[in-house]
Amino acid sequence: MDIAEPAVDTAAGQMVKDELAEKCQKLFQAFLEEFQNSDGELKYLRDAEELIRPERNTLLVSFTDLEGFNQELATTIQEEFYRIYPYLCRAVRNFARDHGNVPVSKEFYVAIQDLPTRHKIRELTTLRIGSLVRISGQVVRTHPVHPELVSGTFLCLDCQSVIKDVDQQFKYTQPSICRNPVCNNRRRFLLDTNKSKFVDFQKVRIQETQAELPRGSIPRSMEIILRAEAVESAQAGDKCDFIGCLIVVPDVSQLATAGVRAETSSRTAGTQGYENEGVRGLKALGVRELTYKLAFLASHVAPTNPRFGGKEIRDEEQTAESIKNQMSVKEWEKVFEMSQDKNLYHNLCTSLFPTVHGNDEVKRGILLMLFGGVPKTTMEGTSLRGDINVCIVGDPSTAKSQFLKHVEEFSPRAVYTSGKASSAAGLTAAVVRDEESHEFVIEAGALMLADNGVCCIDEFDKMELRDQVAIHEAMEQQTISITKAGVKATLNARTSILAAANPVGGRYDRAKSLKQNVNLTAPIMSRFDLFFILVDDCNEVTDYAIARRIVDLHSRIENSIDRVYTLDEIRRYLLFARQFKPKISKESEDFIVEQYKRLRQRDGSGVTKSAWRITVRQLESMIRLSESMARMHCCDEVQPKHVKEAFRLLNKSIIRVETPDINLDQEDEEAMEEEEDNQMNGHDVPNGDANNQVNGHVNGHVNGHVNGHEDTNGDNSESHSGKPSLRLSFAEYKRISNLIVLHLRRAEEDEEEEALKKSAVVNWYLKEIESEIDSEMELISKKAMIEKVIHRLVHYDYILIELSQSGLKGSTESSGTEGQEDVTLVVNPNYTLED
């Protein structure tokens, strides 16, 4: 390296020695040879023997050991790291040569770990240049690995003499003059690549993490230079600690750009016709100002918090045993105690979301998402995902974003993004051109950054359609494919997606199915394992509880939260439980198949139309959820009780929000209520009118108190026509309306005028259901019901239109009953049948 190499004073011919650095080299070598660990064996001897292997060249040294051995040496290394680094590497080389058969030409490097203080990117000022520091940040962009010239061997083209070991760093340096005393060549040299030394070199860009950002600031980024064994140790999305030193490099990218900064006016104009030469060293670039920028030369990369969600989650080799070894005895006892907890499921839910009241199903779904199913790979190499995707649809102010924020803060690799503000490239990955090398590199988007974590997407329904399509592949195949600008790549995005969406009209309309309520395409809806619908209902009990909860939270924040387990304990437990790979037992298999068949049949029968059709994806969802349940209880086998809970959750999320029953007597009731109001609610109403009369205090429900009698849905024998209060379930109402619509459309096509008459339609319907009618009473009630249904379809739902002889029915209101009988019914041309 530049600084450490002895400089040659050509006039006197004497060498300048860096005595401090050489002293450090001796001390460091003594440290390597003498330092013993607690067992009394030499700590670094085995590591040095490892260095004999051709792929190894870096010795990892703990800073705490250095401090224990010699405080002065440790302080000097920390303050003068850049100056001393080559000498430390030389000490490692000597140490390795003493203890093994190492090739002469092999270079060795030293990496320091366990530095006590960690700095933020914002704190790196010129004061820290050259000293040993540890910074942390999130990797956002990685460049390909290149070879870098460390020391070059040159051939003089004039006298053919060889000049060895010309040091290079961040630039290409030719010898200043040929070493042959006769030859005066200063320009013409040829690099001999076979005899020069190269090292792996990679540039990585890191960015401040969300947590350490000051308010209102844009995150800063910093270029990190990795060498030798440190390359490829950080992937996009990792939160890492980098230990090394801050250096200053010429900002070459600014020199290359043409424009305002390039030319400087003062130097260009020469006097008396002679052109001034300007800066001599950079002749090839013309006259330009040279600027410098800070970069970080890292010697060691470590995951920020390896125990919980650093890089090691991704390492497949980790087992429950190795995680147990990383914990202290006390921590392990706590994890064991949690695994024995009978009420674990509930306790974890309340501890994770202590500030959210109710919504237990959503909490359970999110908890199972954090545990995740077991990813599998088939014989052909197809991967089956284990991650669970959850979507929460709900009215405003039902704590949707609160759930997302909680998960983002809790989960180690979680990315929070909003749907409206993110583009397809921002969610998946962008191909950008590097400023210096001008080659294309991939910059990770939200889904890549959340690899092996959770990606929380708020306002999911407000995303552009073309941006939603970008998520299709990531949600099922768990990869992101890019073919742009000559870059063809398939990147991993093994992430669970937690999305929150608002219904189409702002509020959830119970009369419609989920598909009509949410502005999402069918492919995306089927990719979600769980759909939770949060409806903001008025309910005195829950409203009181929620209000108490919120007021309590605002008045005393710390004391109102009662957690059974702390977040750290849950993180530890989560990491441990995720190592289990539960297998499905035989009886669970049969149970899953049975439940799936039930769901399919119910879906096909069309009576309780579910929110979307049951596909094989829902079967896989059930398997994933049951594996996740087994994982949570640290079981090696999926048992039927786990499947039962998974099926219950899936069932909750599949069936549409219950639509209220259709009240066919609505008009009469309203008239009655008006009449009651006119009588000041004080007088009894004659018994004859009691059929449809509702006590004014019951919210429009028929089965309230009628004249002091409890009217239990049709047991009112005192009613004058003897028919029950007319109520239909929504499914039944829909079925009848679809039957009528289909019949009318068929009649229209066949041009049967008579079949379109209202009386003809009523008779046709009664004929259709004659097998169900046993008595005359039933016939009368069914006839009354179908008339009411048709009335409702015309006047409330506007699905049918009534036509009389002279045009639309509305214009001939005054015509008598004879006219009413002759009404012709047609289907509204704009009406489309639901699937």
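Colleague: Before that, what kind of model is it?

Modeller: It is a predicted model. Everything I quote is computed from that prediction.

Colleague: Okay. How many helices and strands does the protein have?

Modeller: The secondary structure comes to 28 helices and 32 strands.

Colleague: And what share of the residues counts as buried?

Modeller: 45% of the 835 residues.

Colleague: What about contacts between residues at least 6 apart in sequence? How many join residues at least 24 apart?

Modeller: 71% of those contacts do.

Colleague: Let's do helix packing. At what angle do α4 and α5 pack?

Modeller: About 115°, with the axes 6 Å apart. Helix α4 covers residues 71-79 and helix α5 covers residues 81-98. That angle makes α4 roughly perpendicular to α5.

Colleague: Why does 115° get that label?

Modeller: Because angles of 65 to 115 degrees count as roughly perpendicular.

Colleague: Which residues make the contact?

Modeller: From α4, Thr76, Ile77, Gln78 and Glu79. From α5, Phe81, Ile84 and Leu88.

Colleague: How does that contact split by class?

Modeller: It has 4 nonpolar, 2 polar and 1 charged residues.

Colleague: Ile84 is in that list. How far is Ile84 from Glu22?

Modeller: The C-alpha atoms are 8.3 Å apart. In sequence, the two residues are 62 apart.

Colleague: Where does Glu22 sit, and what does Glu22 touch?

Modeller: Glu22 is in helix α1, residues 19-34. Leaving out neighbours within four places in sequence, Glu22 is in contact with Lys17 and Tyr87.

Colleague: New topic. Which residues of α12 are buried?

Modeller: In α12, residues 400-410, the buried ones are Lys400, Phe403, Leu404, His406, Val407 and Phe410.

Colleague: Where do they sit around the axis?

Modeller: On the same side of α12, because they cover an arc of only 160°.

Colleague: And α10? How many of its residues are buried?

Modeller: 7 of its 9, so α10 is mostly covered. The buried ones are Leu344, Tyr345, Asn347, Leu348, Cys349, Ser351 and Leu352.

Colleague: Now rings. How many aromatic pairs are there?

Modeller: The count comes to 12 aromatic pairs. One of them is Phe353 with Phe403, an edge-to-face pair. Their centres are 5.1 Å apart and the planes are at 85°.

Colleague: Where in the chain are those two?

Modeller: In distant parts, 50 residues apart. Phe353 is in the loop between α10 (344-352) and α11 (360-371). Phe403 is in helix α12. Both Phe353 and Phe403 are buried.

Colleague: How are the rings of Phe460 and Phe528 arranged?

Modeller: Their centres are 5.7 Å apart and their planes are at 80°, so that pair is edge-to-face. Phe460 lies in the loop between β19 (454-458) and α15 (465-476). Phe528 lies in the loop between α17 (522-527) and β23 (530-534). The pair therefore ties together parts that are 68 residues apart in sequence.

Colleague: Are Phe460 and Phe528 buried or exposed?

Modeller: Phe460 is buried, at 0% relative accessibility. Phe528 is also buried, with a relative accessible area of 0%.

Colleague: Which rings form a cluster?

Modeller: Phe28, Phe31, Phe35, Tyr44 and Phe69 are linked into one by ring pairs.

Colleague: Backbone next. What is the phi of Asp114?

Modeller: Positive, about 60°, although Asp114 is not a glycine. Asp114 is in the loop between β4 (109-113) and β5 (132-142). Its relative accessible area is 41%, so Asp114 is partly exposed.

Colleague: What about Gln160?

Modeller: Gln160 has a positive phi of about 60° and is not a glycine either. Gln160 is in the loop between β6 (146-156) and β7 (162-167).

Colleague: Last one. What does Arg648 touch?

Modeller: Glu361 and Arg364, not counting residues up to four places away in sequence. Arg648 itself lies in helix α23, residues 640-654. Arg648 is partly exposed, with a relative accessible area of 28%.

Colleague: And how far is Arg648 from Met622?

Modeller: Their C-alpha atoms are separated by 9.6 Å. Along the chain, Arg648 and Met622 are 26 residues apart.

Conventions: Residues are numbered from 1 along each chain as its sequence is written. This is a predicted model: local features need pLDDT of at least 70, side-chain atom pairs count only at pLDDT 80 or more; totals for chains, interfaces and linings use all residues. Side-chain values use heavy atoms; hydrogens and water are left out. Axes are lines fitted to C-alpha atoms, for helices over the stretch in contact, and angles run from 0 to 180 degrees between N-to-C directions. Helices (H or I, at least four residues) and strands (E, at least two) are DSSP runs, numbered from the N terminus. Angles under 35 degrees count as roughly parallel, over 145 as roughly antiparallel, 65 to 115 as roughly perpendicular and the rest as oblique. Contact means heavy atoms within 4.5 Å. Ala, Val, Leu, Ile, Met, Phe, Trp, Tyr, Cys and Pro count as nonpolar, Asp, Glu, Lys and Arg as charged, and the others, Gly among them, as polar. Buried means under 20% relative accessible area, exposed over 50%, partly exposed in between (1.4 Å probe, protein chains only). The arc is that of the directions from the helix axis to the C-beta atoms. Rings of Phe, Tyr and Trp (its six-membered ring) pair if their centres lie within 6.5 Å; planes under 30 degrees apart count as stacked, over 60 as edge-to-face and the rest as tilted.
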